[in-house]
Amino acid sequence: MQISEAWLREWVDPPISTEELVEQLTMAGLEVDSVTPAAAEFSKIVVGEILTIEKHPNADKLNICMMNVGDDDPLQIVCGANNVRVGLKIPTALIGAVLPENFKIKKSKLRGVLSFGMLCSDKELGLADSAEGLMELADDAPIGMNVRDYLSLDDNIIELDLTPNRADCLSIEGVAREIAVLNKMDFQPIDFEITAVEHQETLDIKVDVKAEEACPRYLGRLIKGVNPKAKTPLWMQERLRRSGLRSLSVLVDVTNYVLLELGQPLHVFDATKLTGEITVRYADEKETLALLNDQTINLEIDSLVIADEKQAVALAGIMGGRDTAVDDKTENVFLECAFFTPIAIAGKARKFGLHTDSSHRFERGVDPFLQRRAIERATELIVAIAGGRVGIINEVVSLKNLPTRPAVILRKQRIKKILGIEMADNEVVNLFERLGMRVEEQADNWDVTPTGARFDIAIEADLIEEIARIYGYNNLPQSSLLMRSELGKAPEALLPLDQIQDLLVAKGYQEAITYSFVDEEIQQLIAPNDKIIKLKNPISSELSVMRSTLWGGLLRAALYNTHRQQNRVRLFETGLSFVEIEGKTNQTKRLSGLDLGSVQAEQWGEKVRKVDFFDVKADLEALFSLSNVGIEFASEQHSALHPGQSAKLNNEQGEFIGWMGMLHPTLEKKLGFETQVFLFELELEKILHKTIPSFTSLSKFPSVRRDMAILVEEKITAKQITQCIEQCQQTAIKEIHLFDIYRGQGVETGYKSVALSLQLQDYAQTLAEFEIDAIFSTVLTTLTEKIGAKLRD
C-alpha cells in the first residue's frame with residue numbers, strides 16, 4: 001500500500017522527521033518497504049496563464065502563446081499542444097529551468113519564431129507515464145507560484161508491506177490512528193457534513209439481499225443530475241497518483257479516494273442502465289458477467305454477485321460490470337456501499353485471475369460499521385465536485401449475520417509476567433482507548449472490546465501484543481533465559497548422524513534435500529519391483545508418486561547440475577523412503593549418495609582421473625569405520641545398477657545394509673547422463689549402531705612381516721582370502737594386508753596373482769624363525785585346501 005506523507009500529516013503531524021516516522025511504523029508492525037520522492041527533481045517551473053494565442057506563420061500545428069508568469073511583461077512561448085486556450089493555467093518552464101533527466105530549457109527558435117520557455121505536460125514533469133496534452137491547473141491557481149509548492153510535490157511516498165491481519169491500516173485513517181497512538185497525540189477522524197436529502201427516489205430502486213450471511217449490510221443511494229463533464233480536482237488526482245492509482249473519471253475517482261481515505265470500497269452504477277431492483281445473491285449456473293476490464297467470466301454457484309432483474313451487474317466486493325459502468329454521459333448514479341464477509345470474498349478474485357483494491361480489503365476484513373460514514377463521505381465529494389441531487393440511503397441490515405466483537409479479558413498480572421514491564425492501570429486503559437477500543441475495568445482484569453476493524457484481536461495474547469507494539473519492542477527489558485535441566489544421556493553405542501554427515505562433507509560430498517515425491521517413470525526404472533504409493537492430488541506429473549528410494553531425487557539433481565556445466569558432482573541425502581507392504585505404508589530412513597566426474601577437482605599435482613567403483617567403496621569403508629562394524633560387499637545384481645559393478649552390503653550378522661554400484665548403462669542413457677554415475681544407499685538405522693571399542697594390551701615384543709604372492713582363480717575375492725587366513729586360528733597373525741593384484745605374463749589365463757602381507761607378533765616372546773615358518777606354512781596349506789591357492793614362483 002502506498003500513501004502520501006503530506007496527506008498523512010494532514011491527519012496527524014507528529015514533530016518527527018520522515019526517517020523517524022518510517023522507523024516508528026516499522027517497529028510497530030507496519031513494515032515500510034520503501035520511501036520515494038513524490039515527484040522527480042525539476043526547478044524554475046511556475047504557474048502560467050495563456051493571455052493570447054496566435055497561429056505560427058510557418059507551421060500549421062504550432063501556436064504562439066503570450067504567457068502571464070507573474071512578471072511585468074508577458075512571455076512568448078511556442079507550443080504545439082492541442083489543448084491550448086486563452087485563460088488556461090499550466091506549468092510553465094522558464095529560461096534556465098531544469099526538467100527531470102537534466103533536460104535544460106534555453107531560449108530557442110522554432111521555425112523562425114523565438115520561444116522563451118516551454119509549456120509542460122504531466123509526462124514532462126515526471127508525474128505520468130504518458131500525456132495527451134498540457135497539464136491543466138485549476139482556475140484559481142496563483143500565477144507565478146512555483147509548481148512544486150502549488151502541487152505540494154516536496155512530498156514522500158511511503159510504501160507499506162502490511163501483514164494480512166492488519167487490514168485496519170489499509171487506509172490513511174488507519175495509519176494516522178496508529179501514528180497518533182505511537183506519539184501519544186489526540187486523533188480526530190475527519191469531519192464532513194451530511195448532505196441534505198433532496199429527493200426520495202432511492203426507494204424506487206429496491207434492494208433485496210438474499211445472501212444475508214455473505215452480505216449482512218448493504219447501502220444504496222441514488223444521486224441524480226451529476227455533471228458528467230466535471231473534472232476531478234488536481235489535488236485529488238495527485239493524492240490518487242501518489243497512492244498508485246490513476247485518475248479515470250470524477251465518479252470513479254471519488255470512490256477510489258474514499259477507499260484510500262477510510263478503507264471502505266464503494267461502487268457507482270449508471271442508474272439508467274439498471275433494470276428493476278438490486279439483488280445481492282449467488283450466481284446461477286452457467287451465468288456470465290462482462291467486467292469493467294473487458295474480461296467476460298463464467299460465474300460459479302459460489303460467486304456472490306450484485307444483480308438487477310435482467311442479469312448480474314457486478315462481482316460483489318471485487319469488480320463492477322461493464323454493462324452498468326458510468327461514462328461521460330452518466331447523469332444519474334446509484335452509489336453502493338456494502339459489507340461483505342471475508343469468507344465470502346476470500347479466494348474468489350484469484351479464481352478468475354483478478355486482484356483488486358476492493359477484494360484485497362474485503363478478503364482481510366472491512367469494519368462492518370463503517371459503511372454509512374463512507375457513503376456519506378463519498379456523497380459529499382460527488383456533490384461538491386460534480387453536483388447532483390441526493391436521495392435517501394436505502395439500507396438493508398441482517399443484525400444476526402453481522403460480526404460481533406466480544407470483549408477480551410486481559411489479566412493485569414499477565415503484562416508483567418510476559419512483557420516484564422510495570423504499567424499503571426490508567427496507562428493501559430489510555431492505550432487501548434486511543435486505539436479506539438472500549439475498556440471496562442474490573443478488580444483483577446480489563447474487559448477490552450476491539451473496534452469493528454480489528455479482526456486480529458481475539459485472545460488475551462493479542463492485547464498483550466498491542467501493548468508491546470505501542471510501548472516499543474526496543475523499550476522492553478532484556479533478560480537472559482535461565483533453564484535448569486539435566487544433560488541427556490548420549491549412548492556410546494549410538495553413532496550421531498552429524499558425524500556421518502561431517503565425514504561425507506569432508507570427502508567432498510554436498511548434502512542435498514529433494515522432494516519425497518518423484519516422477520513415476522523414473523521410479524519404475526530405478527525400482528520396478530517396489531510397490532509404489534501414488535498421490536491422489538499430485539503437484540505435477542513429475543511429482544506424482546512417493547519415493548521408494550532416494551536415488552530418483554539425487555539423479556535428477558545431478559542431471560540438473562551437469563546440464564549447467566558442473567562436471568564433478570558428489571551428493572548425499574538422508575530421508576525417508578516409502579513402500580507399501582501388505583496394504584500399509586512402510587517408511588524407512590535411508591542414507592543415499594551419488595558420485596560422478598573426476599575423483600579430485602582439477603589441480604596441478606595430480607592427473608585427472610574419473611571416479612570408479614573402488615573410490616566409492618573406499619568412501620563407504622571410511623563411513624563404516626566410524627561405527628567399527630565389519631561390512632561384507634557381496635557381488636549381486638540390482639535392476640538399477642551395472643551387473644558387473646554392483647554390490648549388496650551386509651553386516652557381520654548377515655543382515656542387509658544396502659546397495660552400491662554404477663548406474664546401469666541403459667538407465668544412464670535414458671536419463672541423459674554422458675558419464676558414469678555411481679550410487680549407494682544404506683538403511684540408516686542399521687549403520688548408526690556401533691561396536692564399542694575394547695582395550696587390548698600392547699605386546700612389548702617386536703612384530704614381523706612376511707609377504708606371500710599366491711595364484712588364485714579370478715572368481716576368488718579378497719574377502720574370501722582374508723576369511724580363509726583368519727580361519728587358521730593363528731593368534732600371532734595381527735594384520736592382513738592385500739597390496740597388489742597382477743594379471744598378465746607369467747600368470748595363467750583365468751587366474752590372478754594376489755600379493756599379501758602378514759603382520760605377526762606374540763605377546764609372550766619374540767617369534768623365532770621356525771615359528772614364523774610354521775605359521776606361514778599353515779596359512780599356505782589352508783589357502784590351498786580351501787580356495788585352491790598356489791604359491792607363486
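Mentor: Happy to! Searching the whole structure turns up 3 cavities of 30 Å³ or more. On a 1 Å grid over the protein atoms alone, a cavity is a set of points where a 1.4 Å probe fits but cannot get out, a pocket is an open set with protein on both sides within 12 Å along at least five of seven lines, and lining residues have an atom within 4 Å of a point. Volume is the space filled by probe spheres set on the points, joined across faces, edges and corners. This is a predicted model: local features need pLDDT of at least 70 and side-chain atom pairs 80 or more, while totals for chains, interfaces and linings use all residues. Residues are numbered from 1 along each chain, and side-chain values use heavy atoms, without hydrogens or water.

The largest cavity has a volume of about 50 Å³. Around it sit Val599, Gln600, Ala601, Glu602, Gln603, Glu606, Lys607, Val608 and Arg609. The second largest cavity, at about 40 Å³, has a lining that includes Ser303, Leu304 and Lys348; its residues divide into 6 nonpolar, 1 polar and 1 charged.

Now for an open space: the second largest pocket has a volume of about 1,400 Å³. Of its 38 lining residues, Lys617, Glu621, Phe633, Ala718 and Lys719 are the closest to the centre. Among the elements that each supply at least two lining residues are α17 (613–627), β31 (631–635) and α20 (718–726).

Definitions and conventions: Helices (H or I, at least four residues) and strands (E, at least two) are DSSP runs, numbered from the N terminus. Ala, Val, Leu, Ile, Met, Phe, Trp, Tyr, Cys and Pro count as nonpolar, Asp, Glu, Lys and Arg as charged, and the others, Gly among them, as polar.
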